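Take a moment with the model below, then read on.

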Amino acid sequence: MQVVAGLALLLAAGSCVGPAPPTTAAVSTPSPAPATSVDPALPGLGADDVTRLTVDALQDYWRQEFRRAFGTSWQDVRTIAPVHVDAADAPPPPCVAKASDLRGNAFYCPGADAIVWDDDVLVPGLRDRFGPAGVVVVLAHEFGHAVETRLGVDALQRSDPAGHPTILLEAMADCYAGAAIRHFVDATAAGGSALPLGTVERDAALRALMTFRDPLGTLAADTSAHGNSFDRISAVEDGYSGGPSLCARMTVENRQFTQRRFGSAADRARGGNLPLNRLVAAVSGDARGWYEQLVAARGVQGWRAPEPRSAPPCPGGGGDQGPVTFCADGAIVTDLSRLADLEDTSGDFAGATLLASRYALAARAGAGLSTTGFDAGRSALCLTGAYTARLVDPTGGFGLSPGDLDEAVGILLDQDWAETDGAGTVDPADHGFDRVARFRQGFTGGPATCGL
């Protein structure tokens, strides 16, 4: 996060190793991320088995869905092949000079109608870290580019590059990947899928996609931009809920991209992170004013949001709400040691997201609404998204830095704290995918969509 005097510039996150091969749409080498525990779907099957199952399942899905969505038959992708990038005698794959150029990548080459991937480093790494879902989301993204080619999007990009920038095509491919994942999840639930994906694997797919986010400070207008993890996961979730037809209707006019540059050299030097003492003061000061205005707009005059305190703890405990707790007496208590650990592992806006969610509960109390129950927790998370949206391009005072939205996504995927109610309870049926969707609901729709 950053405190700014003028226009705040925000977002992206992670690192991308090497440019995409010419004329391709690539997924780049994953950036470092905490290890993820994934239930062992498809036990006993290695990376090669998973890629075979995935390719067959995706080809079959588009044979069925392409005609249903677009009224014409699907033409199978001509070439689908693993590449052994560590083999000195490996022949060059389509569209690149030598096999080693593909190291750490998967891509679709429209000129050759080919999907190829690094089978020595990329795919085994995805299988080990994220389970089959990591392989699925990457290959489903590349099939998404093949869909674009069959719909003429490549030609549209050549004739109208401003209207079809690279980041839009990448978002569309992510969206098509989300539609395919929905098909596999539904088929698994019905007991008829050779590629079993459930809610655990769905979250794992999103975690895998996070590792392919653009480097910090990349602009949406960059010709190599693929998107930060917030925008990429948003596209996957839109395809999951809206299907391929929605993906095909995406344009620069109806799609928001949240990547911005750093607002200052100092913010860049800090990696977009504020020291903890400044972070808590800045977020709480800004959030208090915003939530007070929200409560006042409901006709409640004179309510003042509390300042956070680090001690004493809540009377009665408040349940497990994570490093920040909303108390039954209306106070907000921070555990600075846990917040410091969270900032070290997940970035400053992970903690800021939790703090904003507890202020959302305080605002509900100020408006005379319940602060307990599953709906109260969901409302608080939605309001957190609405509050965060105002920080994207603020006119002054306080705003997001590159990576902040991605840090919010990370904590929502990994923990349920931001959705807990004032007693520390949360609907066990909700998963990371659902929490991100609820945050986005407020982010895109504003507080009116959040029950306050």
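## A buried pair

Cys 314 and Cys 327 are both buried, where buried means under 20% relative accessible area, exposed over 50%, and partly exposed in between (1.4 Å probe, protein chains only). These two cysteines form a disulfide with sulfur atoms 1.8 Å apart; a disulfide here is a pair of cysteine sulfur atoms within 2.5 Å. The torsion about their S-S bond is about -70°, so this disulfide is left-handed.

## About the model

This is a predicted model, in which local features need pLDDT of at least 70, side-chain atom pairs count only at pLDDT 80 or more, and totals for chains, interfaces and linings use all residues. Residues are numbered from 1 along each chain as its sequence is written, and side-chain values use heavy atoms, leaving out hydrogens and water.

The pLDDT is the predictor's confidence in each residue, from 0 to 100. The protein chain averages 88, and 90% of the residues score at least 70. Over residues 4–39, however, the pLDDT is below 50.

How many disulfides does the structure hold? There are 4. One of them joins Cys 175 to Cys 247, with an S to S distance of 2.1 Å. Cys 175 sits in helix α5 (residues 166–189) and Cys 247 in helix α7 (residues 229–248), so the pair ties together parts 72 residues apart in sequence. Helices (H or I, at least four residues) are DSSP runs, numbered from the N terminus.

## Buried or partly exposed?

Cys 95 and Cys 109 also form a disulfide. Cys 95 is partly exposed at 30% relative accessible area, whereas Cys 109 is buried at 0%.

Conventions: Contact = heavy atoms within 4.5 Å. Helix = DSSP H or I, 4+ residues; strand = E, 2+ residues; numbered from the N terminus.
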